[in-house]
Amino acid sequence: MMKNRLMDLLKNVSAYTVICLYSIFAIFPLIWLVIISFKSDTQMYNTTFIFTPTLDNYKIVLFEGADYIQAFINNIIVSGGAVLLSLLVGVPAAYAFARYNFAKKEDLAFTILSFKFAPEILVILPLFMIYQKIGLYDTYFGLIWVYQLITLPLLIWVLRGYFEEISVEVEQAANLDGYPWYSVFWKILVPLIKPGLVASSLLAFIFAWNSFTFPLLLSGFQIETVTVAALRYIGSDTVHYGQMAVAAAVAALPEVVLALIIQKHLVRGLSFGAVKG
Amino acid sequence: MKKSKSIKIFVSVLVILVLSMNMMACSTPAGETDTEGDAAAVEGFSWDMASGSTIKVMFNQHPYAEAIIKKIPEFTEETGIEVEYSLTPEENYFDKLTIALNSRSGDPDLFMTGAYQIWEYAPAGYTADLDQFLNDPNMVDPSYDVDDFYEGIIGGLRWDLKAGHKIGTGPLWALPLGFESNVLAYNKRVFDEMDLEVPTTMQELLAVCEELKEFGGPGTYPLAIRGARNWGTIHPGYMTTYSNYGAVDFTIEDGKLISQVNSPEAVEMTEMWVDLIEVGGAPSWSSYTWYQAGADFGAGKAAMLFDATCNGYFQNPEGASEEAGNLAWVAPPLPEGKTEINSNLWTWSMAMNEASKNKTAAWLFLQYFTSADYQKWSITEGNCVDPPRKSVFESQEVQDVLATNTGYIEAFNATVPGTTIQFTPQPHFFQTTTEWAATLQDIVAGNYDSVQEGMDQLKKTMDEIVADVEAE
């Protein structure tokens, strides 16, 4: 009995030690990011933990020149817009893939998935030329549209699994009770797929938020996103690591806040549709 | 069945209709390709001759660009030309630019470029020949003196498009905003404390490196030079010294470019360079780019920097780095017995998109920001350095600014006459120089038995890369 307890204790201690070590390993880059955001350029290369902290980097990035804040707002518009458009198109599409049988269904589903296959840099030249011709270059809608290559496949494929999980009888029962099709959809189906909807929307938002190649090459004169704007702090004279750290910390905020808010849906949402009974 | 067939026909007709309308909308009718420049070529020059136009400019993130951006409102006020711009760091700048030029949409109208990039862009027809504007009295402000540019600097942007032909002749593809020659910068405080003489020859430089090993404790080292596996490692200190040893990269034999990197001079120079890296280089030299080399020098980790003039200069203003104010410059060290100084040139310049639809407005912008008045302001108040114009460098205001940097003016004066592009123009420049840097890394890593063996192998690789180039 005693021996068993000792074994349990040892197991717990070693498990916690491993978790602690891993946490330090995982969190250290973030801690380092915060530390250097308080360092001046002159102290950047010759100090580690002991230095004179300064708020200059925050002042420069957030208040001197409105560029970064504007880029932040731009990012919210294009990433949020991209996810909304994906939801608008992707939820009905996922439902159709799950429920209906039509010719070339799997081919079409695979085509949507294949949007994710091609490296962005390979498709950018034709996209650039088309965007220039039809006036979408350097516009909010242009970016929202091209972000569908990132967000739409993810949303459709995750939600398709969810719709397939829900038995058709549930819908039929609601129909029998007199619900029109749109009420069935809103009142029965959407609540059932909510965890998946939330989790895949968040992931789609994060991928769109972090996108670099598309906003770098398809905009820049009027619209700039944070991923591109953050590079401003790499000057040809020097790399302003402190300012970059501030930019990165600010850019990560919405993702962290959103992830915390919907944490409970996140793990469940992504694992639920994966295993079929 | 019949219904589905008629739907198919309807959809097909609709698609054809939409496509043809789209093509009509996209194609440019003949005559509309005329540049505004041609239309605006009227009698006499006037700064407001393209008033009402809007131009787009692509900048690389650099103090030269930041200075121009500050002055854009004044430019707009004087010319009536609106300017939209994008500012992209160098790491991604040329990818973005190449795609934009490749589309031939005319967007951007102007772009920052280096001379080496012109060897790709000009043969592809991306850049406009600027002589057409310079030779037209109606297009040039009477006070704009093109002969005021240092010959070696503006000559670096002239090329006749023939691979293997040296720069300096042919059309002018860009105008210089600033330039970099390569010199030796050193930390005066360290040299004074250790009572060391500043090296003037490569042998002295190697000897000083021996003395400066860990001069300030662990982590400090004698000489910061670039070492990353890309073209940036070859073009500053290395190519400067390479040319000072009398070595060349290519010669033309039977209409082909033939690499000369295994010539006796090239091997002797590379042996010296490898010794310098082994004795004096940073412990992680092979990852060093412009940034690490400059930052280590400014932070006092390296006692010397053999790199572009302005790399150390940007570390010297008060507050810019730990060693600000202690940094000083001399001309590049030469091999024993040599007196003539060569230095390899890098020039940030501005070129015009051949497909631009606003060429007059673009030319006015180019002229405005390469004028002597603007370039003087950019040095005295715009945080720029190394003006490409003689009159600007020699002006008292600029001399006063530069005089606060010990030895800078002397190093500039000694180096500028021999500063030009030491490479042979050819379209595979970036590939050959990247291979060159890779070989240098391999030699330092001991992957070859001798420098000669490494350079022999490099010659073969370079010859294969340029095999398709027809030289005259």
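I count two residues as in contact if their C-beta atoms, placed from the backbone, lie within 7 Å. The model is predicted, so I note the limits: local features need pLDDT of at least 70, side-chain atom pairs count only at pLDDT 80 or more, and totals for chains, interfaces and linings use all residues. Residues are numbered from 1 along each chain as its sequence is written, and chains are lettered from A and ligands numbered from 1 in the order in which they are written.

**Chain A against chain B**

I looked up the contact between the chains: chain A gives 22 residues and chain B gives 31 residues. On the chain B side, strand S2 (82-88), helix H4 (90-102) and helix H12 (290-299) each supply at least two residues. I take helices (H or I, at least four residues) and strands (E, at least two) as DSSP runs, numbered from the N terminus.

I then sorted this side of chain B by class and found 11 nonpolar, 12 polar and 8 charged residues. Nonpolar here covers Ala, Val, Leu, Ile, Met, Phe, Trp, Tyr, Cys and Pro; charged covers Asp, Glu, Lys and Arg; the others, Gly among them, are polar.

**Inside chain B**

I find chain B divided into domain 1 (48-179 + 346-415) and domain 2 (182-344 + 428-465), with bounds from an automatic or database domain assignment. Taken over C-alpha atoms, the centres of these two domains of chain B are 28 Å apart. Their contact takes 15 residues from domain 1 and 19 residues from domain 2.

On the domain 1 side, helix H5 (115-121) and helix H18 (408-415) of chain B each supply at least two residues. H18(B) gives the most, with 5 residues. By class, I read 9 nonpolar, 5 polar and 1 charged on that side of domain 1 of chain B.
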